[in-house]
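Thanks for coming, everyone. Let me put the model on the screen, and then we'll walk through it.

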Amino acid sequence: MAKILVIEDDSDTADQIIGALTAHGHVATHEADGRSALERATREPFDAATLDRMLPGLDGLSLVSELRSRRISLPVLMISALSDIDERIAGLRAGGDDYLVKPFAPEEMAMRVEVLLRRREESSPAALLHAGSITIDVVRREVAVDGQPVRLLHMEYRLLEFLVRNAGDTLSRRIIFEQVWGYYFDPGANLINVHIGRLRKKLDRPGRPSAIVTVKGEGYRFDAV
């Protein structure tokens with residue numbers, strides 16, 4: 001049983017989400033305003049949240065961005081009627097863990113929350129990951145290179161953690177998209193290229209080879225350097 005924060009201003013949609021989550025054995029707490037939801041998520045512990053993109057008080061993108069800036073690693077499923085790929089990318093880039101388009105099947109929504117909960121459990125046992133000069137605190141979601149802290153955006157962190165946990169293995173773009181973003185992306189999309197480029201700028205040090213290696217025609221590999 002998990003405690004889920006449902007952030008949704010439409011009462012019918014909120015009832016639909018709460019009903020599905022309750023049917024899966026979870027406890028759902030509802031907030032209809034973005035600002036009050038932020039205060040509650042900061043004040044109380046939750047295992048995951050569903051977050052409407054358009055909210056009064058504070059919109060969904062601003063809310064999730066503020067959560068991440070406060071180092072709150074609450075898994076967030078963003079739900080929106082905005083289906084354009086740019087909107088999905090914006091939601092994930094702001095700090096969302098998954099993105100579901102309205103109208104949606106309640107069972108699919110509940111299963112996506114289950115995936116987020118399972119992913120969180122799987123990442124919790126090891127407090128620290130070490131890979132050459134890079135150290136990752138998976139509890140605080142903090143990264144250091146040569147002992148110096150490096151600030152990463154939410155999805156940059158998730159991508160780096162996945163690469164480090166699979167260091168030495170060549171990972172295809174499809175696998176990376178499915179495991180880091182949580183669902184399939186068009187292999188031709190340049191989203192992963194952007195995030196890899198940002199990680200290299202933040203992690204690479206002069207005189208050393210990049211830890212993230214491009215394997216032509218196959219994907220990417222993390223090498224501890």
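How much space lies in the second largest pocket? About 310 Å³. This is a predicted model, where local features need pLDDT of at least 70, side-chain atom pairs count only at pLDDT 80 or more, and totals for chains, interfaces and linings use all residues. Residues are numbered from 1 along each chain as its sequence is written, and side-chain values use heavy atoms, with hydrogens and water left out.

Stay with that pocket. Its lining has 16 residues. Nearest the centre lie Arg 68, Ser 69, Leu 152, Leu 153 and His 154. Which elements give two or more residues to the lining? They are α3 (60–69), α4 (85–94) and α6 (154–165). α3 gives the most, with three residues. By class, the lining has seven charged residues, five nonpolar and four polar.

Now helix α1, residues 11–23. It has 13 residues, and at 1.5 Å a residue it should span 18 Å. The end C-alpha atoms are 18 Å apart, so the two agree.

An α-helix has 3.6 residues a turn, so residues three or four places apart point the same way.

Just after α1 comes Gly 25, with a positive phi of about 90°.

How values were computed: Helices (H or I, at least four residues) and strands (E, at least two) are DSSP runs, numbered from the N terminus. The expected span of a helix is 1.5 Å times one less than its number of residues. On a 1 Å grid over the protein atoms alone, a cavity is a set of points where a 1.4 Å probe fits but cannot get out, and a pocket is an open set with protein on both sides within 12 Å along at least five of seven lines; lining residues have an atom within 4 Å of a point. Grid points are joined across faces, edges and corners, and a volume is the space filled by probe spheres set on the points. Ala, Val, Leu, Ile, Met, Phe, Trp, Tyr, Cys and Pro count as nonpolar, Asp, Glu, Lys and Arg as charged, and the others, Gly among them, as polar.
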